[in-house]
Amino acid sequence: MSSRCFDMRREPFEAVRLWLEAFCAELKMSEQHVWQLQLVLEEFFVNSLTHGYPETKDAPGQWPAWITLTHDSAGVHITYEDAAVAFNPFADIARPDYSGPVEDWRVGGLGLPMVEAMGRDLAYARVDGRNRLTLTLPADDA
């Protein structure tokens with residue numbers, strides 16, 4: 001198990017990526033698995049920054065994100081928490097519609113459908129003033 005709190009105001013996603021790569025290297029995970037984990041965590045991290053925390057100059061304190069990774073035969077279990085406003089990103093994941101002309105395609109909104117397609121057991125809870133997202137990324141051989 002590996003767990004860490006990141007301050008999104010002071011640490012770019014690069015810090016999360018380096019921590020994740022160290023976790024994956026210790027477990028000798030495939031490049032594909034590392035890439036998938038990075039995509040999931042980056043989606044959560046960017047969504048917290050973009051939608052969860054206010055962009056005000058006088059916002060006090062930190063913008064924390066707590067991440068815990070555990071590994072077993074089923075895969076990697078991710079727990080991601082932030083102290084942002086309550087929001088369940090899994091409640092209504094909108095699938096992109098590419099049936100019409102390219103000019104009508106919606107920009108953005110692809111991350112959560114990708115996360116949903118890659119992960120299992122996606123769940124949201126509001127616990128002790130935090131948004132808690134959990135999911136399992138299946139093992140390479142699952």
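What share of the 142 residues in the protein is buried? Buried residues make up 40% of them, where buried means under 20% relative accessible area, exposed means over 50%, and partly exposed lies in between (1.4 Å probe, protein chains only). This is a predicted model, in which local features need pLDDT of at least 70, side-chain atom pairs count only at pLDDT 80 or more, and totals for chains, interfaces and linings use all residues. Residues are numbered from 1 along each chain as its sequence is written, and side-chain values use heavy atoms, with hydrogens and water left out.

View 1. Helices (H or I, at least four residues) and strands (E, at least two) are DSSP runs, numbered from the N terminus. Follow the chain from that end and the elements come in the order β-α-α-β-β-α-β-β. The average pLDDT, the predictor's confidence in each residue from 0 to 100, is 85 for the protein, and 87% of the residues score at least 70. Among the elements, E3 has the highest mean pLDDT (96) and H3 the lowest (83).

**View 2. Five strands make an open sheet in the order E1-E2-E3-E5-E4, with antiparallel pairing.** The edge strands, E1 (2–7) and E4, each pair on one side only. From one strand to the next, the twist averages 15°. Two strands pair if DSSP finds at least two bridges between them. Eight bridges link E2 with E3 in the antiparallel sense, and here Ile67 stands opposite Tyr80 in E3. E3 and E5 also run antiparallel, joined by eight bridges, and Asp82 stands opposite Asn131 in E5.

**View 3. E4 and E5 form a hairpin with two residues between them.** In the turn, look for Asp128, which has a positive phi of about 50°. Strand E4 covers residues 120–127 and pairs with E5 over six antiparallel bridges. Along this pair, Ala123 stands opposite Thr134 in E5.

**View 4. Helices H1 and H2 lie across strands of the sheet.** H1 lies across E1, E2 and E3, and runs at about 170° to E1. H2 lies across E1, E2, E3 and E5, at about 15° to E3. For these angles, axes are lines fitted to C-alpha atoms (for helices over the stretch in contact), and values run from 0 to 180 degrees between N-to-C directions.

**View 5. The largest nonpolar core has 34 residues.** Such a core is a set of buried Ala, Val, Leu, Ile, Met, Phe, Trp, Tyr and Cys residues joined through side-chain atoms within 4.5 Å. Leu37, Phe44, Ile67, Leu69, Ile78 and Tyr80 touch the most other members. At least two core residues come from each of H1 (13–26), H2 (31–52), E2 (64–72), E3 (75–82), H3 (111–118) and E5 (130–138). Leaving aside neighbours within four places in sequence, the contacts of Tyr80 (heavy atoms within 4.5 Å) include Met8, Phe44, Ile67 and Leu133.

**View 6. Tyr53 sits in the loop between H2 and E2.** Is Tyr53 buried or exposed? Tyr53 counts as buried because its relative accessibility is 8%. Not counting residues up to four places away in sequence, Tyr53 touches Met8, Ser48, Trp63, Pro64, Asp82, Ala83 and Ala84. From C-alpha to C-alpha, Tyr53 and Arg9 are 10.0 Å apart in space, and 44 residues apart in sequence.
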